[in-house]
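Please examine the sequence and the three-dimensional structure shown below. A short report on their main features follows the display.

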Amino acid sequence: MAVINLKKKELQAKIVYYGPGRGGKTTNLEYIHENFRDRIKSDMIAIKTHGDRTLFFDFLPFDVGKIKGYDIKVQLYTVPGQVKYNTTRKLVLKGVDGIVFVADSMKVQREKNLVSLRNLQQNLAEDKKSIFKIPLVLQYNKRDLARQGIPLLPFETLEKSLNRQLKVPSFEASALAGENVVPTLKKIISMTVASLAKELK
Amino acid sequence: MEYALEQEQLKNIERVLREDLIALGVHSVLLIDIAGNIIAELDNGETNHDVYSLAALAAGNFGAVSAMAEIIGEGEFSLLFHRGEKENIHFSKLMKDFLLVTIFGHETSLGFLRLKAAESIGKIEEIMQS
């Protein structure tokens, strides 16, 4: 749930990057942090294990600029992808306004994407939110691996298995190379802000 | 979790925080919701913390501690306090969805701070429900 401060003319929205473990959620945030240094005053916060895996969340506050006189502050979070950390995932999801689902394009990860998406649906439902109503963008990550000959799921297959019912915007991306990281972010921000504006009326 | 606060309410909340806590010598105080959003923040003019990160971490920390309490069969821990060499952080729950985070030095005693925090919480709850 976003915070709209009429006194300071400021809107804070929470966007969460969700998806299976080792899918590239943190890498998305790292790329954004690296490339928007002029807009991001604070450091990225990462609570991770020694193996560099997200333990609790990553956090990156981001000033989008002004919309209708309001300062828009977007807070980007990632969740830990590993199945066993569902309690922390639920904590991070609290009050979410928009979601980027980062799917792993590798053929061997097909099932894991589905499990994670179902998990997202369930966790949202427990918070009385619907995956069909919340602003959501899909990102099919790791497209760059094709160049190394690693078998990837074709775009159409990913669309069919993850986006058939959702019918939300989707992007092929490489978080590591930065391909489509920013378009994904722009899309989710505009969807989130639009949905908050609608709620305000 | 949905809430709306009028400008007047926010103004009153800030007044309580300033008169009860900042005046007491607290370095900085944040009122946040459990999703990590900042509702009000005040400081004594000498600190410059990254309050957005602090709020996100405080909310996460509170969630984690609550989950620990549940595992060992406690409803909630009543005292949440981190002691540092120069700065300390104190957390208190406010209604169901909010947290009051106070950062203070050793010139302020923990007992007195807890007393004052409890007092301000009472007042803020009244304002929020008005």
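This report describes a predicted model, beginning with the fold of chain B and ending with chain A.

## Overall form of chain B

Chain B contains 3 helices and 5 strands. Read from the N terminus, these elements follow the order α-β-β-α-β-β-β-α. The radius of gyration of chain B is 14 Å, close to the 14 Å given by the globule rule for 130 residues, so the chain is as compact as a globular protein of that length. Its C-alpha trace spans about 40 × 40 × 25 Å along the principal axes.

Of the 130 residues in chain B, 34% count as buried. Among the contacts in chain B between residues at least 6 apart in sequence, 54% join residues at least 24 apart.

## The sheet of chain B

In chain B, 5 strands form an open sheet with the order β2-β1-β5-β4-β3, and the pairing is antiparallel. At the edges stand β2 and β3 (80–83) of chain B; each has a single partner strand, so one side of each is left without a neighbour in the sheet. Direction ignored, neighbouring strands of this sheet are turned by 10° against each other on average.

One pairing within the sheet can be followed in detail. β3(B) and β4(B) are joined in the antiparallel sense over 4 bridges, and B:Arg83 has B:Asn88 in β4(B) as its bridge partner.

The loop between β4 (88–94) and β5 (98–104) of chain B holds B:Met95. This residue has a positive phi of about 50° although it is not a glycine. B:Met95 counts as partly exposed because it has 13 C-beta neighbours inside 10 Å, and a residue is counted as exposed at 12 or fewer.

## The helices of chain B

Two helices of chain B lie against the sheet. α1(B) packs on it and touches β1 (28–33), β2 and β5 of chain B, with a direction that makes about 35° with that of β2(B). α2(B) lies across β1, β2, β3, β4 and β5 of chain B and runs at about 60° to β1(B).

How do α1(B) and helix α3 (residues 110–129) of chain B pack, and at what angle? Their axes are 10 Å apart and the angle is about 170°. Angles over 145 degrees count as roughly antiparallel, and therefore α1(B) is roughly antiparallel to α3(B). On the side of α1(B), the residues that meet α3(B) include B:Ile13, B:Val16 and B:Leu17; on the side of α3(B), B:Ile124 and B:Ile127 are among them. By class, this contact has 7 nonpolar, 3 polar and 4 charged residues.

## Where the two chains meet

In the contact between the chains, 19 residues of chain B touch 17 residues of chain A. On chain B, α1 (7–22), β2 (38–43) and α2 (51–71) each supply at least two residues to the side that touches chain A. Which element of chain B gives the most to this side? It is α2(B), with 7 residues. The residues of this side of chain B divide into 10 nonpolar, 6 polar and 3 charged.

## A covered helix in chain A

Helix α2 (residues 86–93) of chain A has the buried residues A:Thr88, A:Arg89, A:Leu91, A:Val92 and A:Leu93. The cover over the buried residues of α2(A) includes β2 (10–18), β4 (54–67), β5 (70–78) and α3 (110–126) of chain A, together with α2 of chain B. Just after α2(A), A:Gly95 takes a positive phi of about 70°.

## Strands and loops of chain A

Strand β3 (residues 45–48) of chain A pairs with β4(A) in the antiparallel sense over 3 bridges, and A:Ile45 stands opposite A:Phe59 in β4(A). β4(A) is also joined to β5(A) by 9 bridges, and these two strands run antiparallel. A:Ile67 has A:Tyr70 in β5(A) as its bridge partner. Together β4(A) and β5(A) form a hairpin with 2 residues between them, and A:Lys68 in the turn has a positive phi of about 50°.

Another positive phi belongs to A:Lys9, with a value near 55° in a residue other than glycine. A:Lys9 is found in the loop between β1 (3–5) and β2 of chain A. Is A:Lys9 buried or exposed? A:Lys9 is exposed, because 12 other C-beta atoms lie within 10 Å.

How values were computed:
Residues numbered from 1 in each chain as written. Chains lettered and ligands numbered in written order. Predicted model: local features only at pLDDT ≥ 70, side-chain atom pairs only at ≥ 80, totals over all residues. Contact = placed C-beta atoms within 7 Å. Nonpolar A, V, L, I, M, F, W, Y, C, P; charged D, E, K, R; others polar. Buried ≥ 20, exposed ≤ 12 C-beta atoms within 10 Å, placed from the backbone. Pairing = 2+ DSSP bridges. Axes fitted to C-alpha atoms, helices over the stretch in contact; angles between N-to-C directions. Parallel < 35°, antiparallel > 145°, perpendicular 65-115°, else oblique. Rg over C-alpha atoms; globule rule 2.2 N^0.38 Å.
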